[in-house]
Amino acid sequence: MPKQIPRREDYRHFISVPTRWADQDALQHVNNAVYYMYFDTAVASFLYGTGILDDHDSPVTAVVVETCCRHHSPAFFPEVLSVGLRVAHIGTSSVRYEIGIFRPEQETACAEGHFIHVHVDRREMSQTRPVPEALRVALAPLMVSPAG
């Protein structure tokens with residue numbers, strides 16, 4: 001059975017991301033690599049919005065260890081996309097964020113994927129650290145069952 005394309009209602013937090021002229025490729029649609037920047041922007045926007053992680057002063061930071069993107073239909077400049085965010089798993093030191101990209105007026109994602117962060121000592125960058133308790137609390141409203 002084919003994987004079902006995620007719908008807006010499957011996500012818990014949204015940001016708007018305007019496409020830029022430079023986001024499109026020779027085929028005049030948003031280039032596949034640009035979706036990863038949208039993913040990064042959604043996660044970073046949420047994290048910085050919590051005020052919990054501070055990459056200048058916090059002893060713990062998060063690094064990306066895995067990403068994936070599935071494309072379902074193209075997006076185009078000058079659209080303003082809705083980027084949905086949810087959390088499928090919080091481990092001891094990792095968080096799996098799932099992201100959906102939605103074109104205006106569309107209920108199904110034009111692209112979807114995931115982004116896994118591992119929390120590490122900010123100075124060492126190699127020693128894993130537990131997900132901060134305050135971050136676990138902030139992520140709780142975004143939790144869903146894993147998409148598979």
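R86 lies over the face of Y11, 4.4 Å from the ring centre. A charge counts as sitting over a ring if NZ of Lys or CZ of Arg is within 6 Å of the ring centre and within 35 degrees of the ring normal. Keep in mind that this is a predicted model, where local features need pLDDT of at least 70, side-chain atom pairs count only at pLDDT 80 or more, and totals for chains, interfaces and linings use all residues. Residues are numbered from 1 along each chain as its sequence is written, and side-chain values use heavy atoms, with hydrogens and water left out.

**Rings with rings**

Y11 also belongs to an aromatic cluster with F14 and F102. How many aromatic pairs does the structure hold? There are 5. Rings of Phe, Tyr and Trp (its six-membered ring) pair if their centres lie within 6.5 Å; planes under 30 degrees apart are stacked, over 60 edge-to-face, and the rest tilted. Here are two of the pairs:

| Pair | Type | Centre to centre | Between the planes |
|---|---|---|---|
| F14 and F102 | tilted | 6.2 Å | 55° |
| W21 and F77 | edge-to-face | 5.6 Å | 85° |

F14 in strand β1 and F102 in strand β4 are 88 residues apart, so their pair links distant parts of the chain. Strands (E, at least two residues) and helices (H or I, at least four) are DSSP runs, numbered from the N terminus. F14 is partly exposed at 34% relative accessible area, while F102 is buried at 0%. Buried means under 20%, exposed over 50%, and partly exposed in between (1.4 Å probe, protein chains only).

The pair of W21 and F77 joins two loops, one between β1 and α1, the other between β2 (60-71) and β3, 56 residues apart. W21 is exposed at 63%, and F77 is partly exposed at 33%.

**The core**

A nonpolar core is a set of buried Ala, Val, Leu, Ile, Met, Phe, Trp, Tyr and Cys residues joined through side-chain atoms within 4.5 Å. The largest one has 30 residues, and L139 is among those that touch the most other members. Helix α1 gives the largest share of this core, 8 residues. Leaving aside residues up to four places away in sequence, L139 touches F46, V87, I90, V95 and Y97 (contact: heavy atoms within 4.5 Å).
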